[in-house]
Amino acid sequence: MQNRLKSRVALVTGASSGIGEATALALAEQGAKVAIAARRKDRLDQLAEKLAGLGAEPLVLVADLVREDEAQRIVKETEARFGRLDILINNAGVMYLEPVAEADLGRWRSMLELNVLSLIASSQAALAGMRARRDGHIVNVSSVAGRVANPNSGAYAATKFGVVGFSESLRREVYKDNIRVSVIEPGMVDTELRDHIGHAASRQAVNARAGEMRQLQAEDIADTILFCVTRPDYVCINEVLLRPTDQER
């Protein structure tokens, strides 16, 4: 079934690669107008060409989402361009893995700001319009690390547990406004996320573990998000945890 999101407006953060890129395309294929946000303009421009080919009327938003004001700005610019924002996909994030004893706290601080505070700021900015229309859907991308905390993932797990907790609290605040909140918790996904790990031993360990399994693909997560946002408006998929079949924890 096509055009299930016709006339809907979506904003996808972290859209320059991986889950964000795949999600933007999946939404566009179903008729949504799509705003895409990330730091890498060249990658966003390439994606925008694909979205335009699908009729999505793409809006490119170059933003450093570590900054709260940037996270709020992209929501406001989406609303200014399209007149509304119906679907917010908070996907932007990083994964810095390292032992607590050796942790670079500056790096961890940046991760907390991007993975949690930016997500909160963009959600906050979207609420006024969604409440006024009594319509909207916020999808927050967490991780299996928001369920299971492994060694060397202390701060990353803290951010993802935080996303899960925030999402449920937000859902209970806004369900009476007919606003839906979903949290997606993927296991091992074959994306660029692991490339940013600065601690060499941790990066090698997680890559070795990934190499032992058939990893999820970005499109698998995009399909899951699409399922959530295309349910009838009386159905809210609160939480989805998905792992590769080969992943034990």
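Student: Why does Asn152 count as partly exposed?

Tutor: The model is a predicted one. In it, Asn152 has 36% relative accessibility. Buried means under 20% and exposed means over 50%, with partly exposed in between, so Asn152 counts as partly exposed at 36%.

Student: Where does Asn152 lie, and what is noted about its phi?

Tutor: Asn152 lies in the loop between strand E5 (136-141) and helix H5 (154-174). Its phi is near 70 degrees, a positive value in a residue other than glycine. Most residues other than glycine have a negative phi.

Student: What makes Ser123 buried?

Tutor: Ser123 has a relative accessible area of 1%. Buried means under 20%, so Ser123 is buried. Ser123 is found in helix H4 (residues 105-133). Leaving out residues up to four places away in sequence, Ser123 touches Leu88, Asn90, Ile138, Asn140, Phe166 and Leu170.

Student: How do you know that Arg67 and Asp69 meet in a salt bridge?

Tutor: The N to O distance between their side chains is 2.6 Å. A salt bridge needs a side-chain nitrogen of Lys or Arg within 4 Å of a carboxyl oxygen of Asp or Glu, so Arg67 and Asp69 form one at 2.6 Å. Arg67 is partly exposed at 44% relative accessibility, and Asp69 is partly exposed at 40%.

Student: What makes Glu70 and Arg73 a salt bridge, and where do they lie?

Tutor: Their closest N and O atoms are 2.8 Å apart, and the cut-off is within 4 Å, so the pair is a salt bridge. Both residues lie in helix H3 (residues 68-82), 3 residues apart, about one turn of the helix. Glu70 counts as buried at 13% relative accessibility, whereas Arg73 is partly exposed at 24%.

Student: Is Glu98 buried or exposed, and which residue does it pair with?

Tutor: Glu98 has 2% relative accessibility, and buried means under 20%, so Glu98 counts as buried. Glu98 forms a salt bridge with Arg107, the closest N and O atoms being 2.8 Å apart. Arg107 is partly exposed, with a relative accessible area of 24%.

Student: How many salt bridges does the structure hold, and which residues are linked in a network?

Tutor: The structure holds 15 salt bridges. Arg8, Arg84, Asp86 and Asp135 are linked in a network of salt bridges.

Student: Why are H1 and H2 called roughly parallel?

Tutor: Helix H1 (residues 18-29) and H2 pack at an angle of about 20 degrees, with their axes 10 Å apart. Angles under 35 degrees count as roughly parallel, so H1 and H2 are roughly parallel to each other. Their crossing is right-handed.

Student: Which residues of H1 and H2 meet?

Tutor: Glu21, Ala24, Leu25 and Ala28 in H1 meet Arg43, Leu47, Lys50 and Leu51 in H2.

Notes:
Residues numbered from 1 in each chain as written. Predicted model: local features only at pLDDT ≥ 70, side-chain atom pairs only at ≥ 80, totals over all residues. Heavy atoms only, no water. Helix = DSSP H or I, 4+ residues; strand = E, 2+ residues; numbered from the N terminus. Buried < 20%, exposed > 50% of the residue type's maximum accessible area, 1.4 Å probe, protein only. Contact = heavy atoms within 4.5 Å. Axes fitted to C-alpha atoms, helices over the stretch in contact; angles between N-to-C directions. Parallel < 35°, antiparallel > 145°, perpendicular 65-115°, else oblique. Left-handed = near helix turned anticlockwise from the far one by under 90°.
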